[in-house]
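Subject: Handover of a structure for your review

Dear colleague,

Please find below the structure that I am handing over to you. My notes on its side-chain contacts follow directly after it.

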Amino acid sequence: MTLTAIIVEDMLDALTLLKRDIEAQHPEIKIIGAAQSVVEASKALRKQQPDILFLDIMLGDGTGFDVLEIVPDLTSKIIFVTASDEFAIKAFKFAAIDYVLKPYSNSDLNQAIERAKQQINPNKERLKILRETLAAPEKKPDKISLHTLDKIIIVNLDDIIRCESDSNNTMFHIKDGRKIFVTKTLKYFSDMLKSFGFLRIHQSHLVNLQYISEFIKSDGGYLMLKNGENVPVSVRKKSEVIEILDQMHR
C-alpha cells in the first residue's frame, strides 16, 4: 500500500536528509511535497492532504501549531519532529503524542512511521496540552493525557490522588473515584510528575502531595490521605516524606 507524505522542516539540510532517509528505507511512502515555513506548508496542505505529515515544531515564521490552526480540517497522521530537548520531551509525554527527536536514528524513524500508520490523530485538547507545556516548560500543566489499552483519557493533574505500580503498568486513582489503567511504568510517571507536587513514597506508590492528610509513624509508617486511604511509606523514603510535610505546614 502506497502512502503519501509531506515534510515541513525549515532547515534545508535536515529536510533533505529526512527526505533521503524516507525514500531509502520506506519505498511504500511517496513524498508529494516539502515546505520550509508556515506559509509554504499551509499552501501545500490546502492543495493536497498527505497520509502522513512530518511536522517540525519550530519554523522560521512560526510553529507547527500555526500550520494546524490554518488547516483545521487536516486528516493526515502527524509525526512531530523536534530538536532534542528535555522540555520538549516532557511536553510530548504530557500530551501523549508521538514524536521523533533530531538527530534521529533509523530505528527511531521506523518506529515513528509504524506508530503513525496505526495512530488516531491527536485531538484539539491534546494538541493544546502539548502547545501550552512547550510554551511554559516550568509551569505546572493543568492536564495530562493518559494512554489506556483502548483510548486516551485527559484528566486534570490536580484530580490525580495517587498512582500505583501494577507490574510494568500504572493504576491512576482519580478524585471522582475512577481508576485508570495505563500501560507505562510508575517510574515513567514519577520522572514526569516529580516537579509538580508528586512524591514517590514507595517502590509501588506515587502520591499527590495536596491529598496527604497526615503521616502516621506506627505500623512501619504510612500516609493517611484525604479520601481515607492509607498508603505505605518505604523505610528509605521516611525522612524525605517527614521533611516535605514539615515544609508544607510551616
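Residues K19 and E23 both belong to helix α1, which spans residues 12-25, and stand four residues apart, about one turn of the helix. Their side chains form a salt bridge in which the closest N and O atoms are 3.0 Å apart. K19 counts as partly exposed, with a relative accessibility of 32%, and E23 is also partly exposed, at 43%. Please note that the model is predicted.

Salt bridges

The structure holds 16 salt bridges. Another of them joins K143 to E125, with 3.8 Å between the closest N and O atoms. Since K143 is in strand β8 (residues 143-147) and E125 is in helix α6 (residues 124-135), this pair ties together parts that are 18 residues apart in sequence. Both partners are partly exposed: K143 has a relative accessibility of 26%, and E125 has one of 36%.

Helix α6 also contains K128 and E132, which are four residues apart, about one turn of the helix. Their side chains meet in a salt bridge of 3.1 Å, N to O. K128 is partly exposed at 49% relative accessibility, as is E132 at 40%.

In one of them, the ring centres of F94 and F196 are 5.8 Å apart and the planes meet at 80°, so the pair is edge-to-face. F94 lies in helix α4 (residues 86-95), whereas F196 lies in the loop between α7 (186-193) and β13 (198-202), so the contact ties together parts that are 102 residues apart in sequence. F94 is buried, with a relative accessible area of 0%, and F196 counts as buried at 6%.

F172 and F189 form an aromatic pair that is likewise edge-to-face, with 4.8 Å from centre to centre and 90° between the planes. Because F172 is in strand β11 (residues 169-174) and F189 is in helix α7, the pair ties together parts that are 17 residues apart in sequence. Both of these phenylalanines, F172 and F189, are buried.

Ring pairs also link F65, F80, F92 and Y99 into a cluster. Finally, K184 lies over the face of Y188, at 4.9 Å from the ring centre.

With kind regards

Note on methods: Residues numbered from 1 in each chain as written. Predicted model: local features only at pLDDT ≥ 70, side-chain atom pairs only at ≥ 80, totals over all residues. Heavy atoms only, no water. Salt bridge = Lys/Arg side-chain N within 4 Å of Asp/Glu carboxyl O. Helix = DSSP H or I, 4+ residues; strand = E, 2+ residues; numbered from the N terminus. Buried < 20%, exposed > 50% of the residue type's maximum accessible area, 1.4 Å probe, protein only. Phe/Tyr/Trp six-rings, centres within 6.5 Å; stacked < 30°, edge-to-face > 60°. Lys NZ or Arg CZ within 6 Å of the ring centre and 35° of its normal.
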